[in-house]
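Subject: Structure handover

Dear colleague,

Please find the structure below.

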Amino acid sequence: MDGALKALRGLAEAGPPYRRLGQFFVARTAIYQGRLSQADELLAASIGRDLRAEGESFEIRSRLLRARVARLRGEEQTARAELERLLTYSDDALKAESLRDAGGLWAEIGEVDRARQVLTRLRPLASSRPEPFRDSCVRILEAEVALAEGRMSEAAAILADAALHRPRYQIDWGLGRVH
């Protein structure tokens with residue numbers, strides 16, 4: 001672990017395009033090690049850097065991860081703020097996975113209406129270029145909404161159906177939460 005972390009820190013200290021990649025994975029490692037404050041500091045520092053050099057995708061993933069860290073720390077206002085900022089990005093910038101994750105976080109913090117709004121935004125994206133991955137993102141978010149509303153058997157049915165088309169760890173994880 002130390003060798004990998006040293007290599008990631010080396011990337012984080014490098015210039016574009018590797019700096020953000022390194023910072024992102026150092027932050028993820030800090031989360032894994034339970035150092036949530038350090039992870040939050042790294043993610044906050046990486047947000048808003050020169051997007052022309054490194055693209056919006058790192059900023060989007062950093063905001064999602066920062067919202068997740070805030071949720072773990074019980075800082076739901078910070079999580080909400082990051083999720084709100086996330087939803088200001090264009091549909092071109094947001095990918096199905098990002099929308100799925102944002103909607104899932106909204107559902108986890110009890111903001112089911114916001115999760116539904118994200119689902120409404122995700123559905124056309126998935127139908128515009130149908131593929132199993134995008135379809136699974138829709139199904140997983142539908143299940144998250146059902147789970148947040150206490151509709152356990154419906155959530156289980158949605159996830160079981162999704163697993164037939166594209167087995168994913170999130171589907172298994174969701175089924176585990178239902179049971």
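In which helix is I31 found? I31 is in helix α2 (residues 18-32); helices here are DSSP runs of H or I with at least four residues, numbered from the N terminus.

Two remarks on provenance. This is a predicted model, in which local features need pLDDT of at least 70 and side-chain atom pairs count only at pLDDT 80 or more, while totals for chains, interfaces and linings use all residues. Residues are numbered from 1 along each chain as its sequence is written, and side-chain values use heavy atoms, with hydrogens and water left out.

Leaving aside residues up to four places away in sequence, I31 touches L36, A39, L65 and V69 (contact means heavy atoms within 4.5 Å). Between the C-alpha atoms of I31 and L72, which are 41 residues apart along the chain, the separation is 9.8 Å.

Helix α3 (residues 36-46) packs against α5 at an angle of about 150 degrees, and their axes are 9 Å apart. Axes are lines fitted to C-alpha atoms, for helices over the stretch in contact, and angles run from 0 to 180 degrees between N-to-C directions. α3 is therefore roughly antiparallel to α5 (the term covers angles over 145 degrees). The α3/α5 crossing is left-handed, that is, the near helix is turned anticlockwise from the far one by less than a right angle. On the α3 side the contact involves L36, A39, D40, L43, A44 and S46, which meet S62, L65, R66, V69 and L72 in α5. By class, the residues of this contact are 7 nonpolar, 2 polar and 2 charged; Ala, Val, Leu, Ile, Met, Phe, Trp, Tyr, Cys and Pro count as nonpolar, Asp, Glu, Lys and Arg as charged, and the others, Gly among them, as polar.

The α7/α8 pair

The axes of α7 and α8 cross at roughly 165 degrees and come within 7 Å, so these helices are roughly antiparallel to each other. Their crossing is left-handed. Residues of α7 in the contact include L99 and W106, and those of α8 include V118 and L122. The contact divides into 9 nonpolar, 1 polar and 3 charged residues.

The second largest pocket

A pocket is an open set of points on a 1 Å grid over the protein atoms alone, where a 1.4 Å probe fits, with protein on both sides within 12 Å along at least five of seven lines; lining residues have an atom within 4 Å of a point. The second largest pocket is lined by 17 residues, with D92, A93, L94, K95 and A96 nearest its centre. Elements giving two or more residues to this lining are α5 (56-72), α7 (96-108), α8 (112-128) and α9 (132-148). The lining has 7 nonpolar, 2 polar and 8 charged residues.

Regards

Methods:
Angles under 35 degrees count as roughly parallel, over 145 as roughly antiparallel, 65 to 115 as roughly perpendicular and the rest as oblique.
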